[in-house]
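The following exercises are to be worked through with the sequence and the model at hand. Each task is followed by a stepwise solution.

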Amino acid sequence: MSALLEVSDLSVEFRSRAGTVHVLDHVALSIARGETLAVVGESGSGKSVAAFSIMGILDDAARIPNGQVQFGGMDLLNANRRDLDEVRGREMAMIFQSPRTALNPIRKVGHQIEDVLRRHGPVARGDAKRRAIEALEQVRIPDPARRYDAYPFELSGGLCQRVMIAIALCCKPRLLIADEPITGLDVTTQATIMDLLAELGRETGLATLLITHDLALASQYADRIAVMHAGQVVETAPTASLFAAPRHPYTAGLMAATPTSTTSLDALESVPGRIPPLNADLPVCRFAERCPRRVAECDDPGPRFDADVQAPDHYFACRRPL
Amino acid sequence: MSGLATIAKRLLEALPTLFGVILVTFMLTRALPGDPAVFYAGPAADAESIAQVRHAMGLDRSLPVQFASYVEGLAAGDWGVSLSTGRDVTEELSRRLPASLELTLLGLLIAIVVAIPLGVLAATRPNSWVDHICRIIVTTGVSMPVFFTGLLLVYVFYYLLGWAPAPLGRLDFMHIAPDRVTGLYLVDSLIAGDVEVFRASLAHIFLPALTLGIFALAPIARMTRAAMLDVLSSDYIRTARASGLATRTVLFTYALRNALLSVLTTLGMVFSFLLGANVLVEKVFSWPGIGSFAIDALVASDYAAVQGFVLAMALLFVTLNLTIDLLYAVIDPRIRAAS
C-alpha cells in the first residue's frame, strides 16, 4: 500500500521569550489512500502542531529544523506558497475544533464555500451556487438552498461543523485532517458528526487524519492509531493490535484512563505527572519522568527502541516495552 | 424591522439627548463671564442705557422664562439672531457649515486613504520597516497639536516653498465662488464645470485638510493595525488559509472586512475629534467655517450664536452616530439581525 501522506523525521520548534520550545521531535506518520489514522494524545502533545505543519499553516514563530512531509509525491515543506495553495483546499483539507469561530462570522456560509470552489478551478457564477448547495446537501444539512444564505451565527454548532466539512470536501480532496472535530459540540451531535465523517470517507475514498484526545473515539473510527506524547510519537499500530497488546507504557496508561462499557469509573487510573516543559533540556524519552517502568538505560542517548523487536506494522518507541 | 423604521426610531431616541444639549448650553452660556448688555451698550453707556439694552434683549427676565421663550423659538425654527453680525443664526450657520464640513470630510478622507493601507501593511508585516514607519507616524500624529502642524505646513509650503496659496480662506479674490448647490466648493465647482475654480479651491483646502488629516491619521492607523493583527490570528483566517484561498482574498474579503468593524467605531470618534480640532485649524487658515464663528461669538457673549453652534454640533453628532450605526449594519449581519 503506497502512502498518500508520509511525514518523516519532523521536528518543529517555536521561538518564544522563554527560550526555544521543542514542540515536535522526529515525528513520523503515514496515511494510505482511504485510510483513517487517529493521532491521540493529551493536550500539549503536539497533535495539532503536526497537523498544522502538514497544512503549512504554522505560526510565524515556528521553525522546522528537520523533517519531510510528502503528499502524493509532493514535498510540502519545500513547496512554494503558490503550489501549496493549489494543494490546500483541493487535494487536502482541514476542519477545526470550535466550528463557530472557524467560520467567517460576517460572510454567508454559501459564499464561504463558493470562495473555495472558485479558488480551485474555473466555476461559472450560477454553477458555483449550485455546487455550494450540493456541498451543503452532501453533509446532510436540511434545506440547503435556504442555509446557503445563512450566516454562521444563525446556525447551531453542529450545523457550523457540517458547513466546515462542506467547505473542506467541496473540492473532493484525497486527505481530510480533522482536528478535534467534535470538541465543543453536544454529545448527540458529536456522534452524528463522526458518523457523517466516516460515511463520507467511505463514499469518496477519502483518507482521514483524525486528531483527538479521546482514545475511545479513535478506537471506534480509526484503522490505525498513532499515540503522541510531548511531541514524540510513542506508538503506532493498527487499532485492533494496539488495543490487544499495547507496547508503550504511555499507551497502556491512556487505556487505563479511558472508560469503556465494562469498566467502572472507580477502576479508571490517570497517567501520573504531566507533560514535561518543552522549553528545557529534554531527555531522550520524554515520558521517562512519568514512566512506571523506567530503568537507568532509558536515559542513554541513541534510538528509543530496539529495531529487532519491532513488528512491521507496530512501531513503539520504548526500551523496556510491555 | 425595515431600515426606515430603524432610522425613525433612532431619531426619536435622540430627542432627549438634544433637549439635554439645549438645556446645558443655555445654562452654560448664562454662566459664562461677560455681560452681553454691557458689551452691546458700548463703552460710553451709563447704567440706565445698559438696563435699557438688557430689557430690549430680554435678559432682565427670569432664567426659566428666557429658556421657555428660547425653546419656543427653536420649535418654530427660530434659532435667534446673532448680536455680533445682526443676522439670523440659522443663516450664519448654514452659510458657514458647508465650509467646515468640506474641510473636515476632506481631512478625514486623507486620513482614511493613508491610514487604512498603512495599518494593513503594518499588521501583515509586524516589526518590518513599514511597521516602524507606521509607529513613527502614529506617535508624531498624536504628539503634534493641530495648530502647530497647521503653522508648520503654512511655513514650509507657503512661506519657504511658495507651493501653497496664502492661508486666507477658501478662495482668493481672483476667483468667484461657484453657484451654491451643496455649499462644498469642490463639488459645486465640478457641477458648474469650472475646472479653474475647482483647482483653486483644492489648492486652498489642501493644507488645512492635510493638517486635520495628519491629526486623524494616528488613531485610525493604530486601530487598523491592532484590529488587523487581531483578526489575522483568528480561527476563520486559519480556515481560509487552510483552504488555499489567495492571499488577496484572505486579506481583504476575510480579514479587512472584519477589522473594519473596529475601525468604524474609531472613525466615529475621530470625526468628533476633528470637529473640535476644526476650530483651531479654521483660525490658522482664516477658514470661514462655524468654528471661527463660534469663537468670535463666545468672545462677544453672543448667546444665540453660541447656543446655535452647539446645537448644530449636537445635530451633526446625532447624524454621525446614526450613519455609523447604519454602516455597521451594512457590514455586520449580526447587527442587522439584532435590530
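A salt bridge is a side-chain nitrogen of Lys or Arg within 4 Å of a carboxyl oxygen of Asp or Glu. This is a predicted model, in which local features need pLDDT of at least 70 and side-chain atom pairs count only at pLDDT 80 or more, while totals for chains, interfaces and linings use all residues. Residues are numbered from 1 along each chain as its sequence is written, chains are lettered from A and ligands numbered from 1 in the order in which they are written, and side-chain values use heavy atoms, with hydrogens and water left out.

**Exercise 1.** State how many salt bridges the structure holds over all chains, and examine the pair A:R224 and A:E35.

Step 1. Over all chains, the structure holds 30 salt bridges.
Step 2. In one of them, the side chains of A:R224 and A:E35 meet at 2.7 Å, N to O.
Step 3. Because A:R224 belongs to strand β9 (residues 224–229) of chain A and A:E35 to the loop between β2 (19–32) and β3 (36–40) of chain A, the pair ties together parts 189 residues apart in sequence. Strands (E, at least two residues) and helices (H or I, at least four) are DSSP runs, numbered from the N terminus.

**Exercise 2.** Describe the interface of chain A and chain B.

Step 1. Contact (heavy atoms within 4.5 Å) joins 27 residues of chain A to 22 residues of chain B.
Step 2. The buried area, that is, the accessible area (1.4 Å probe) that two parts lose on being put together, summed over both, is about 2,100 Å², and carbon and sulfur atoms give 60% of it.
Step 3. Of the area that chain A buries against chain B, A:N104, A:I106 and A:F153 supply 28%, more than any other three residues.
Step 4. On the side of chain A that touches chain B, α4(A) gives the largest share, four residues.

**Exercise 3.** Characterise the secondary structure and extent of chain B.

Step 1. Chain B has 14 helices and zero strands.
Step 2. Its C-alpha atoms fill a box of roughly 85 × 55 × 40 Å, taken along the principal axes.
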